[in-house]
Amino acid sequence: MFDVQREELMWGDRRLVLETGKVARQADGSVMATYGDTSVLATVVSSKEPKVGIDFLPLTVNYQERAYAAGRIPGGYFKREGRPSEKETLVSRLIDRPIRPLFIDGWRNDTQVVVTVLTHDLENDPDILAMVAASAALTLSGVPFMGPIGAARVGYANGQYVLNPPVPEMDGAVLDLVVAGTTDAVLMVESEAKELSEEIMLGAVMFGHKHFQPVIEAIVRLAEKAAKEPRAFSPPENADVEAAVLGVCESELRDAYKITVKQERYKAVDAVKAKVVAALCPAEGEQKFAPEKVKAAFKEAQSKVVRWNILDTGSRIDGRDVKTVRPIESQVGVLPRAHGSSLFTRGETQALVVATLGTGEDEQYIDALQGTYKETFLLHYNFPPYSVGETGRMGSPGRREIGHGKLAWRAIHPVLPPAHEFPYTIRVVSEITESNGSSSMASVCGGSLSLMDAGVPLRRPVAGIAMGLILEGERYAVLSDILGDEDHLGDMDFKVAGTDEGITSLQMDIKIAGITEEIMRVALDQARDGRAHILVEMAKALTAARPELGEYAPRIETMQIPTDKIREVIGTGGKVIREIVEKTGAKINIDDSGTVKIASADGKAIKAAYNWIRSIVAEAEPGMIYEGTVVKTMEFGAFVNFFGAKDGLVHISELAAQRVAKVTDVVSEGQKVKVKFLGQDDRGKIRLSMKVVDQETGEDLTEKLKAERAERGEPEREERAPRERSERSSRGERRNAND
């Protein structure tokens, strides 16, 4: 019934299995991939007819995680998977980016790649396996895909690179790098690093490229046994229409791309395009070429003109040379009520970035395959249509917003202070108000400034820069701080973020069949110089974190209590902690380790809550003086609440230095008094004294009273526990309270 084909290999220290022919046989290509005990199913389906009227590759990639893969039931009311999580969106992009450049130009058939996580062993992250499985499924499907690709994760520990480190080892790792590519070149890099050098990062990329070659070879062997016949497809021949378009517009297009202001340049380019369409596709008379072909050829002409100018003259669209960064202006504190804010402007790209500090109540709960965990650093990126002078739909964040936000998150995350030193939940929001190239890197720069403005003690400021590439045969040019047009019409988007000590994030996307180690080295070196320049410009606004938090930011005090005291602080049904919150106005969060975070914008509220909790968990010290409240009076003395929930007895003989006939002559219920903790009697009852404490100043009068007795010639007596009044008998007999 099944025609199963398999390939197996030891990859790293685990077995990788690729299997086809058993599951999802109606798809054009399907592969079940297993690494360790993690398994994914990748399928590819491509429509039989091309879509009409489009000039792009209609490729969709969907990566989806099923809770059953880890033996879990989804959270939430409906108990089923809903909209894609951030992880699913990011992995979908991770798969899409290296495979998209490998489709033959002109392929316009709807193509969908679906990767489903079926089992997860909590050791091997499914993302790398998903990329490998998608590559294999595409290679088997018969669509014009010039793969396969391989992918690998690279860690770094003890001066050595580690291939596909297990998930538990990545917690706190100094490097988490994902690389994908073909046999000959690298196509995609995504990473987070803890200020590593360019040499280490480049070495990690090449290490990963070398070690996924056996995977590519295994996919090729599987394809030799199970691949479908290639689809009949011939790339459209557009040489004649491209020549005609260039003949009409080359000179004017070159002039248009000398205009440095973006909106004016776009207006000029649109005018040239209208002239070309009118010349080659007249409304009346014979049309030499189909309008869609002319429009596609005009886009190609734009690319050629921009690329020729750069390679021939070294001059770019806005007049810069290949290494110059656009003018930068940085401002901080631009929003008076925000905890921290900045406005970062680089050329025609601008980000308004706001930092907000919260408490433990603001942590984000993440429902992931490996379980639910809490995230204390959030970075959200918004790209409204007005930022490029357009109208458009406004809605929930799309894949681009999520991807750019995560890139900026990775860049800043390595320099944040540890939670035990700065116990805040941090949210950064980047509003892109203008865009003409690398708004994600503007978010990094603005995010770093806004956090420092909020008083977050970053290890060092972080800056980011986007690099581009023009590659024609043996000639190439690496461009620093690319414009939007250079991104669209170039061959590479290479983003590097970091401090003056090293790289914190590296992302690379290639639109051609890959680039070499030499080009990456040039790009990294050039990016280092650009990043250093941007850091100098940022320092004109702020060089380090402000010494104090903003006026409107909450203050958080952290204290550690014994774990066996947590129940006492919380109280039955949360009664005690609710009372503390209500009466002090502070927010309180207690974790299982006994760490207590007390937050409020009012320092007095924090102090009150701190002292209250301390009084619950601490033990009173004999000889210390405390302030308390009389909670009950009896004939033999008064009970005083003096140490949180602790009550003690002030015997009538300890109320005042002189003889007291009646307790209520000295104290009344609800009265604030100062008492000295004398210790406990032989039955464990707490003994307090008021007479040895000055009720005005809180001064300990013990020595003074001894001196007075000595002057009067009274013998010094040993302090002993006063006898408590025995219970009143049924006949009403009493002992003398002062006996």
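User: Where is the place of serine 191?

Analyst: This is a predicted model. Serine 191 is in strand β10, which covers residues 186–196.

User: Why is serine 191 called buried?

Analyst: Its relative accessible area is 1%. Buried means under 20%. The value of 1% falls under that cut-off, so serine 191 counts as buried.

User: What makes the pair of serine 191 and leucine 506 a polar contact?

Analyst: A polar atom of the serine 191 side chain lies 3.0 Å from the backbone oxygen of leucine 506.

User: Which residues is serine 191 in contact with, leaving aside neighbours within four places in sequence?

Analyst: Among them are Asp176, Met201, Arg410 and Leu506.

User: What is the strand order in the open sheet of 6 strands?

Analyst: The order is β1-β2-β3-β4-β6-β5, with mixed pairing.

User: Why do β1 and β5 stand at the edges?

Analyst: Each has a single partner strand, so one side of each is left without a neighbour in the sheet. Neighbouring strands here are turned by 15° against each other on average, direction ignored.

User: How do you know that β5 and β6 pair?

Analyst: Pairing needs at least two bridges. β5 and β6 have 7, so they pair. They run parallel. In one of these bridges, valine 61 has valine 113 of β6 as its partner.

User: Which helix packs on the sheet, touching β5 and β6?

Analyst: Helix α1, residues 86–99. Its direction makes about 140° with that of β5. Helix α4 lies across β1, β2 and β3, running at about 170° to β1.

Notes. Residues numbered from 1 in each chain as written. Predicted model: local features only at pLDDT ≥ 70, side-chain atom pairs only at ≥ 80, totals over all residues. Heavy atoms only, no water. Helix = DSSP H or I, 4+ residues; strand = E, 2+ residues; numbered from the N terminus. Buried < 20%, exposed > 50% of the residue type's maximum accessible area, 1.4 Å probe, protein only. Polar contact = N/O pair within 3.5 Å; in protein donor to acceptor, adjacent residues only side chain to side chain. Contact = heavy atoms within 4.5 Å. Axes fitted to C-alpha atoms, helices over the stretch in contact; angles between N-to-C directions.
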